[in-house]
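Dear colleague,

I am handing over the structure below, together with an account of what was found in it. Please read the notes with the structure open beside them.

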Amino acid sequence: MSKVSPYYARVACLGGLAVLYLLCLRAYYVGFFNDDAFYLIGARSLMSGGFRELSAPGAPPMTVYMPGYPLLLAQWSWLAGLTPLSAQLLSVSLTVAGAALMWACFVPELPAAAAFAAVAVCACNPLTVSVSGTVLSDVPYLVMTLLVFLAARAAWRDGPGLAWLGLGLLGGAAFLVRPTGAALVLALLAALAWERRWRQAACCAAGAALVAAPWLARNLMVSGVTLPYASQLAAAGSGGGLLERLTRNASFYGPELFWRTLFRWPAWPGLPLLKGATVLLGLAAVALGLREWGAKGWRKVLTLYLLVYAVLHLQLHLQSHRYILTALPMVLPLLFLGLDAADRRLALRGRLVLGAAALSLALSLGPLSSIVRTSLWRRTAVNTPPLRTAAWIAASTRPGDVVAADLDGRWHLLTGRLTVRLRKLYEPALFAAWLRDTRVDYVLVEPNDFFMTTAAGRTTHDPMPLDRLEPLLSGARRVFADAEEGTRIYAVRGAAMVPAPSTTSPR
């Protein structure tokens, strides 16, 4: 009996992943996250020669969203057009490519069983599968992270000056895809400084600056702020001090990573205890893996990047399960390397590594089955847009009308109408003046159950509290309501906006 070529086996595995991801294409609808809508809007703007918020009145310059992913979408449009579906297919392709790159990156660095386990669990966990078809920067950034790792490994072998310049360019490109790329560049420079390779560090920094500086300078010229994302690092009004945020985020990301993503045990009476034990054992395995990984050559880059990435997200006042995806290329190799070290010390001959991988994959079967079934046959608020509300807006408003909503990008994508994001103005007179000055015609109220929020719930990144918004609209005429979709639309242009004063405080 002839053996199957390893090349064909890998191709078959990647093909199987592609099929799985395609089956889960409807895990989320395009526009659900709002960010995904703006990436498409940015791509359309780039295709017309600018980078502007085409969704907003006057099409102001787009500064909040990074241009790297929209640029990639614009390039992809030459081949497949620019539609929500074509953008999803690009994400699927990139997620499959991420699995292949992770294999190429870590097979030479890890024992065979640990490398296989890391790639299999990274590619098949519920988080990766569910977001594989989303139009979010997380997916291309995961690919960029692995490309930087591969390029760093190659350059560290006495690469010429141009190699270090290219590595910096690649790091700068990662920054343009996602601001976290700055931490990736910082890790590269710190690793080179660690080895006192000043010339290479200068070349790398120059390459990153060549890519990033024009974008930052452009933002400064058009808005006076180089990087609006930096405001997310501010602690003021975000719910507690640094220690409180660190504790809160650690208690969130530990279970999200080791339980919800990697080892999702079925519900049973002892689940809280089992969840805590899973998190502690997972952290112990990663710590042991870090010790085994060491700090030789390019490996410093991964170690330093993991530390910077962890500190960055542990002190951020926004929390999201999505942020774990781009940490998987660092966490999983270390996790299974730590288990491999334990295997050797306990003379288990790989049983711990393969057993943990098999357990992770087995525990993922239930969530994966649910994701596939929901994608193929079910309608939920997550995978089905509020089509009746969107149809009413498209049919009953004029092309020049302006709709105010918390998820402005989503509603522009669904309706084609100009949209603005609701301002958190709780004084009736100020809110009415803002509506008038912004020339808003309609205000859309929708459920905010799935919005990303901070602990305080009152920063500029939070949605407008519904219990504060409805009283502000008491002087407006409600023109549409859909109980099933939970939406209400108010006509505010020319309305006597004199709502009763609210005495409640913002949540």
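A residue is called buried here when its relative accessible area is under 20%, and exposed when that area is over 50%. Please also keep in mind that this is a predicted model.

With that cut-off, helix H17, which spans residues 408-415, is mostly covered, since seven of its eight residues are buried. The buried residues of H17 are Asp408, Gly409, Arg410, Trp411, His412, Leu413 and Thr415. Just after H17 comes glycine 416, which takes a positive phi of about 80 degrees.

As for the whole protein, it has 19 helices and five strands, and its C-alpha atoms fill a box of roughly 75 × 55 × 50 Å along the principal axes. The radius of gyration is 24 Å, which agrees with the value near 23 Å that a compact globule of 507 residues would have. Buried residues make up 54% of the 507, and, of the contacts with a separation of 6 or more, 74% are between residues 24 or more positions apart. The accessible surface comes to about 22,300 Å², and 66% of this surface belongs to carbon and sulfur atoms.

Glutamate 109 is placed in the loop between helix H4 (84-106) and helix H5 (112-124), and it counts as buried because its relative accessibility is 17%, which falls under the 20% cut-off. Not counting residues up to four places away in sequence, glutamate 109 touches Arg153, Trp293, Trp298 and Arg299. With one of these, tryptophan 298, there is a polar contact from side chain to side chain at 3.1 Å.

Aspartate 482 is in strand S4, residues 477-482, and is buried because its relative accessible area is 11%. Leaving aside neighbours within four places in sequence, aspartate 482 is in contact with Arg388, Thr389 and Thr487. Its side chain is joined to that of arginine 388 by a polar contact of 2.6 Å, while a polar atom of the aspartate 482 side chain also lies 2.8 Å from the backbone nitrogen of glutamate 485. Proline 386 is 96 residues from aspartate 482 in sequence, yet their C-alpha atoms are 9.3 Å apart in space.

Finally, where does a positive phi occur in a residue that is not a glycine? One case is alanine 59, with a phi of about 45 degrees, which lies in the loop between H2 and helix H3 (68-80) and is buried, with a relative accessible area of 19%. Another is arginine 196, with a phi of about 60 degrees, whose place is in the loop between helix H9 (181-194) and helix H10 (198-223). Arginine 196 counts as exposed because its relative accessibility is 64%, which is over the 50% cut-off.

With best regards

Terms used: Residues are numbered from 1 along each chain as its sequence is written. This is a predicted model: local features need pLDDT of at least 70, side-chain atom pairs count only at pLDDT 80 or more; totals for chains, interfaces and linings use all residues. Side-chain values use heavy atoms; hydrogens and water are left out. Helices (H or I, at least four residues) and strands (E, at least two) are DSSP runs, numbered from the N terminus. The radius of gyration is taken over C-alpha atoms; the globule rule is 2.2 Å times the number of residues to the power 0.38. Buried means under 20% relative accessible area, exposed over 50%, partly exposed in between (1.4 Å probe, protein chains only). Contact means heavy atoms within 4.5 Å. Accessible areas come from the Shrake-Rupley method with a 1.4 Å probe; for residues, only the protein chains shown count as cover. A polar contact is a pair of N or O atoms within 3.5 Å; within protein, one must be able to donate a hydrogen and the other to accept it, and residues adjacent in sequence count only if both atoms are side-chain atoms.
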